[in-house]
Amino acid sequence: MINKLKAYRFLFEELVKRDFKKKYKRTVLGMAWSILSPLMMLLVMKMVFTQFFGRNYPHYTIYLFCGNLVFSYFNESTSQGMFSLIGNASIFTKVNIPKYLFLFSKNVQTLINFGLTLGVFFFFCVLDRITFTWKFLLLLYPIACLLLFNIGVGLILSALYVFFRDIQYLWTVFTQLLMYMSAIFYMIDDYSYTVQCLFLLNPVYLFIRYFRKIVIDAIIPTAWFHLLMLADVFVVLGIGCWMYKKYNTSFLYYV
């Protein structure tokens, strides 16, 4: 796969540039929306939920930002990745190129947006008087895992969307449900131990919790927590790669 990426490096770079330009085409503020969009969402959530959930919780703004930051990246990456095959059918039906290049370009574009928002997140940490320690370097682990997880989910969704166009509507409903199940704006401390363990079955919550543990609590998650995240990544990525390999030829007949 790495050799193929090198061989198609020019095409891959052009796909990333195209996706990035397409996202902000005919917008007045352009790239600024990468920062303004999550900030506006954060402001709305802060105004709505602070009175109900975060009145007595320290650093509640950062708590909200962690959840919104991770979930928005996941949602944007997977939702755009879903259309990566159908949106580029006119290319790979005429030229024999690796089809996963289109998904990878989408993920690079969303990763850039995530990086811009992450910079704003750290600025808010400064304003909220969060103490920066060497532990912040460990955030590279959940970011890398989330990137691979998004690629895996994108592989599955883009493959399914070729055969079942209903998947886009089902995914919209699912992500809405997932948002409420990821404890973005509320704490799970008041739930029973059993319920708290059930939250760990949600991979997105794991990424969010990792960010909060490092940034707010300055605590490094346990080894099994790291392994659980890695297991989710390998399972999803494995299924996605298998589907692309199995249906590689079939894609040409259904797009």
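Predicted model: local features only at pLDDT ≥ 70, side-chain atom pairs only at ≥ 80, totals over all residues.
Residues are numbered from 1 along each chain as its sequence is written, and side-chain values use heavy atoms, with hydrogens and water left out.

**Exercise 1.** Describe the largest nonpolar core and the surroundings of Ile-62.

*Solution.* A nonpolar core is a set of buried Ala, Val, Leu, Ile, Met, Phe, Trp, Tyr and Cys residues joined through side-chain atoms within 4.5 Å. The largest has 71 residues, and those with the most contacts inside it are Ile-62, Phe-74, Phe-121, Phe-211 and Val-215. Helices that each supply at least two residues of this core include H4 (60-82), H6 (100-127) and H10 (203-215). Helices are DSSP runs (H or I, at least four residues), numbered from the N terminus. Next, take contact as heavy atoms within 4.5 Å. Leaving aside residues up to four places away in sequence, Ile-62 touches Phe-121, Phe-124, Cys-125, Asp-128, Ile-130, Val-215 and Ile-216.

**Exercise 2.** Check the spans of H4 and H10, then say how far each is covered.

*Solution.* The expected span of a helix is 1.5 Å times one less than its number of residues. For the 23 residues of H4 this gives 33 Å, and the end C-alpha atoms are 33 Å apart, which agrees. H10, with 13 residues, reaches 19 Å from its first C-alpha to its last, close to the expected 18 Å. As for cover, 20 of the 23 residues of H4 are buried, so H4 is largely enclosed by the rest of the structure. In H10, eleven of the 13 residues are buried, among them Tyr-210, Phe-211 and Arg-212. The elements covering the buried residues of H10 include H4, H6, H7, H8, H9 (193-199) and H11.

**Exercise 3.** Locate Arg-129 and Ala-218, and give the phi of each.

*Solution.* Most residues other than glycine have a negative phi. Arg-129 has a positive phi of about 60°; Arg-129 sits in the loop between H6 and H7 and is exposed at 75%. Ala-218 has a positive phi near 55°; Ala-218 sits in the loop between H10 and H11 and is partly exposed at 30%.

**Exercise 4.** Classify the ring pair of Tyr-141 and Tyr-210.

*Solution.* Rings of Phe, Tyr and Trp (its six-membered ring) pair if their centres lie within 6.5 Å; planes under 30 degrees apart count as stacked, over 60 as edge-to-face and the rest as tilted. The count by this rule is 27 aromatic pairs. Tyr-141 and Tyr-210 are 6.0 Å apart centre to centre with 35° between the planes, a tilted pair. Tyr-141 lies in H7 and Tyr-210 in H10, so the pair ties together parts that are 69 residues apart in sequence. Tyr-141 is partly exposed at 25%, whereas Tyr-210 is buried at 0%.

How values were computed: Buried < 20%, exposed > 50% of the residue type's maximum accessible area, 1.4 Å probe, protein only.
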